[in-house]
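Student: Could we take a close look at one part of this structure together? I would like a single connected walk through it.

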Amino acid sequence: MARLEGTYVPSTSDWVREQVETYERTGGREAGTLRDTGIPVVIVTMRGVRSGHLRKIALMRVEHGGEYALVASKGGAPEHPGWYHNLVANPDEVTLQDGPEPFAVRVRLVEGEEYDRWWERSVAVFAPYADYRARTSRRIPIFIASRAACC
């Protein structure tokens, strides 16, 4: 079981905080989908770039070959979500939970053809990503989370 050490600061958003807490408490048996969409989510834990505190978010479950896409869409907003900066600064201090237990991952941004493949996979899981892309002039970043080498 992978755990990051440090002080956890829950989201200020009630629904995000409640989803993360329920997912973790039940090992993913409850709160495993984005609200009432039925689309699975994963829980990502990371270290905050400014505070150093642990932050947790629920993201759409876009998995392929044991790797996961973390799509920094922010609903098509003009700026990246705050967690984007955390992952850029601390790519080795990340865990992902897809089921009962979290595991350590390393994240990296993708570009080019690899980005295009992951974008297609992401839209296939969560069609609103295409709308989000149309709303913004920024290129929506995609991180790939791969299991970290053990020990």
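Which residues are buried in H3?

Tutor: Happy to take you through it. This is a predicted model, in which local features need pLDDT of at least 70 and side-chain atom pairs count only at pLDDT 80 or more, while totals for chains, interfaces and linings use all residues. Residues are numbered from 1 along each chain as its sequence is written, and side-chain values use heavy atoms, with hydrogens and water left out.

The buried residues in H3 are Tyr115, Trp118, Trp119 and Ser122. Here buried means under 20% relative accessible area, exposed over 50%, and partly exposed in between (1.4 Å probe, protein chains only). Helices (H or I, at least four residues) and strands (E, at least two) are DSSP runs, numbered from the N terminus. Seen down the helix axis, the buried residues of H3 fall within an arc of 110°, so they line one face of the helix; the arc is that of the directions from the helix axis to the C-beta atoms. On the other side of H3, Glu113, Glu120 and Ala124 are exposed.

As for the helix itself, H3 has 14 residues and reaches 20 Å from its first C-alpha to its last, close to the 20 Å expected at 1.5 Å a residue. That expected span is 1.5 Å times one less than the number of residues.

What covers the buried face? The cover of the buried residues of H3 includes strand S3 (62-64), strand S4 (67-71), H4 and strand S7 (142-147), where contact means heavy atoms within 4.5 Å.

Now for the rings. A search of the whole structure finds eight aromatic pairs. Rings of Phe, Tyr and Trp (its six-membered ring) pair if their centres lie within 6.5 Å; planes under 30 degrees apart count as stacked, over 60 as edge-to-face and the rest as tilted. One of these pairs is tilted: tryptophan 119 and tyrosine 129, 6.1 Å centre to centre with 45° between the planes. This pair links distant parts of the chain, as tryptophan 119 is in helix H3 (residues 112-125) and tyrosine 129 in helix H4 (residues 128-135), 10 residues apart. Tryptophan 119 is buried at a relative accessible area of 7%, and tyrosine 129 is buried at 4% relative accessibility. Tyrosine 129 also pairs with phenylalanine 126: their ring centres are 4.9 Å apart and their planes at 75°, so this pair is edge-to-face. Phenylalanine 126 is buried too, with a relative accessible area of 7%. Ring pairs link Tyr115, Trp119, Phe126, Tyr129 and Tyr132 into a cluster.

Finally, back to the cover of H3, which includes strand S4. Leucine 70 has its place in strand S4 and is buried, with a relative accessible area of 0%. Not counting residues up to four places away in sequence, leucine 70 touches residues including Trp83, Val107, Ile142, Phe143 and Ala145.
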